[in-house]
Amino acid sequence: MSGSRKSPLAVLALCAVCLLGACGGGREPVRIGSQAFTEQKILAEMMALLAEDAGVPVIRAIPYGDNRRSLAAIQVGEIDAYPEYDGSLFALIGLPATATRGITPEKTRKLVEPLGLRWMQPFGFENDFVLAVRRDFALQRDVRTISDLASLPEGVSVAADSGFRARPVDGLYALARRYGFEITDASVFPVDDRMAAYEALASRAVDVATVFRTDPWLGGYGIFALEDDLGFFPVYQPAPLVRADVLEAYPQLADAWSGLAGKIDIERMQLLNARVDGGGEDYRNVARQALEELGLLPAQPTQEEPKGELTLAVTPLSDLGYLPIRAAAALREVMPARRLTVRAVAVPAEAVRSGEARFGLVGAEDFFRVDETGRLERVTDIEAVGMVGNRLLHVIARPDNVDPAGWERLAVGPEGSGSWNIAKIVIETLGLEDKIELISTADFNAQREALDDGDADALLVIAERGHAGIMRLLGDLEHRLVDTGVLEGDSPVLRYPFLRPVVIPAGVYPGQSEPIDTLATQAVLASRVPLDDDGLGESGPGFVPGVFTRLPQRLPFDTAARIRDALRSTEAVDPTLPASPGLYPETPPVRPRISVRPGVVAMNVLAVAFLTAMVMLYLTALPKNPALTMSSAVDDD
């Protein structure tokens, strides 16, 4: 017994060893930050994932702040690393573009070393600021370079993000002074809302906008970049910027992040940005998958996400518009713990009805069916949970075939899609169902090919005003937007109340010199409403008889109200559409009653009985084994 006792000296030594071990193994996590826009968040998440894969503990500050705040924070140790652009770094220390020509990464490292920082190898692409204009603006005013703006006596209106407007060396007003053009109005948008600048250009709210070279929409909205003919902007190459003491504490970080050096070109970065900003994907998913594709991380199934998944169904045409971005942003704000996947499907409403998607970005036309007699019937198996925007009817034809009287074939989307439904409605209303055949094609490019090849006389598209795909199609001036007011016959609006007459102002699209009459439908977020045989209504389980499959249940009313608020729309859901009672808090919602259909009741009773029996069986005490006596043991022998 005495041999097992430890002396006081031994105990103290053991405690000292434990304390030293704790100090050595308890190094502070690396705090990785980023700026607020998508590209920064993707790059910072890549850095965080690679650090974790190298065994480095990480705290994410994604996003943290603009580059001025981030640079100040990394110097005082509030953050330890973040992706920075060398051009922005030079501007922050007061160096103009002319003084930074030919500066190599090695020279950049020497510039930041006195700050206690280390500049690592760049990721491989450049993301310059560019000044973008509409093609029609450039053609009308003969503008090709930024210098050309100085020749406009009326000046120009500009859209710029708040950070660029404030930069004194390479920002908006320094740019105007260098080129000598006058800014008549400066609209400001948040740096994390890149689409706002393109919306402002497409709607003719501004003449020019400052955007990023890696924005996925540059060139897609009938918009192109002016030449920086005086070389005002420096080169902006991003790379990890990290504190020197952090690299000393975690030397494996250098090897982990060097794997990204030169691996990301501008095309890849544009694609990654498009998946988040255009496709609505979570930047964390995009960053991980990009690293897996580059071979820097082992493949990991996304199904392992412990917080669950959330799917938003959109049309294939939505990737070129801004409505799905608005919808996805609202869902992320309301349900931040869920992994959001945006999936393009032919008919989003059907994906919601079947349970394939929890939400769908659908049009008002998806809430109605027209029976064989032409009677309009409203369906109630889906409901609106938030107003996102409006989509317009665009009819496009070749310049030599704009008279609908001679049309025989009309290209539309897949059967059951919004364009297919509205085309059927318009044709039937005008009495042209025996004259015009619908050519249903899989996607927008296939529809355009049908129009160009002569397989279709016109193309019908349902999309928001200023849609990138339509801008691009009309930009070549080989296609024209047709005024639906020239169609003779009954007004579809009188028979189908969810259709609204609207006007597209002159100049919204390339080659559009006059206002154009058309129709519009509201675009909403829709969720499933359980039918009578789904089970327990708003929040209870729904069973498919025989297979016990759980279906998505009705969205709780308070969640619908939060989605409405997150969409920040000042317009309510169209009164012709079935909507969640949560959107109208002033009206007491009527809770759906529990289904009393015999089959459903029997299934639920059996399920409850089975669970009760299992609980009772678990709680029942087991009988004690009888004591084993010597005689019984002898008898057994």
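Student: Which residue in β8 is the bridge partner of Phe129?
Tutor: Keep in mind that this is a predicted model. Strand β5 covers residues 129–134 and pairs with strand β8, residues 208–212, in the antiparallel sense over five bridges. Across that pairing, the bridge partner of Phe129 is Phe212.

Student: Which strands are at the edges of the sheet?
Tutor: Five strands form an open, mixed sheet, and their order is β7-β6-β8-β5-β9. The twist from one strand to the next averages 30°. Strands that pair on one side only are the edge strands, here β7 (183–189) and β9 (223–225).

Student: What angle does helix α9 make with β8?
Tutor: Two helices are worth looking at here. Helix α8 (residues 172–179) packs on the sheet, touching β5, β6, β7 and β8, and its direction makes about 155° with that of β7. Helix α9 (residues 195–202) lies across β5, β6, β7, β8 and β9, and its angle to β8 is about 150°.

Student: In which hand do α12 and α13 cross?
Tutor: Helices α12 (266–277) and α13 (283–293) pack with their axes 9 Å apart, at an angle of about 145°. From α12, Arg268, Leu272, Arg275 and Val276 take part in the contact, meeting residues of α13 that include Tyr283 and Glu293. The crossing is right-handed.

Student: How much space lies in the largest cavity?
Tutor: The whole structure has five cavities of 30 Å³ or more. Among the 25 residues lining the largest cavity, Thr315, Leu317, Gly413, Ser417 and Ser419 are the closest to its centre. The space in that largest cavity is about 280 Å³.

How values were computed:
Residues numbered from 1 in each chain as written. Predicted model: local features only at pLDDT ≥ 70, side-chain atom pairs only at ≥ 80, totals over all residues. Heavy atoms only, no water. Axes fitted to C-alpha atoms, helices over the stretch in contact; angles between N-to-C directions. Helix = DSSP H or I, 4+ residues; strand = E, 2+ residues; numbered from the N terminus. Left-handed = near helix turned anticlockwise from the far one by under 90°. Contact = heavy atoms within 4.5 Å. 1 Å grid on protein atoms, 1.4 Å probe; cavity = no way out; pocket = protein on both sides within 12 Å on 5 of 7 lines; lining within 4 Å. Points joined across faces, edges and corners; volume = space filled by probe spheres on them. Pairing = 2+ DSSP bridges.
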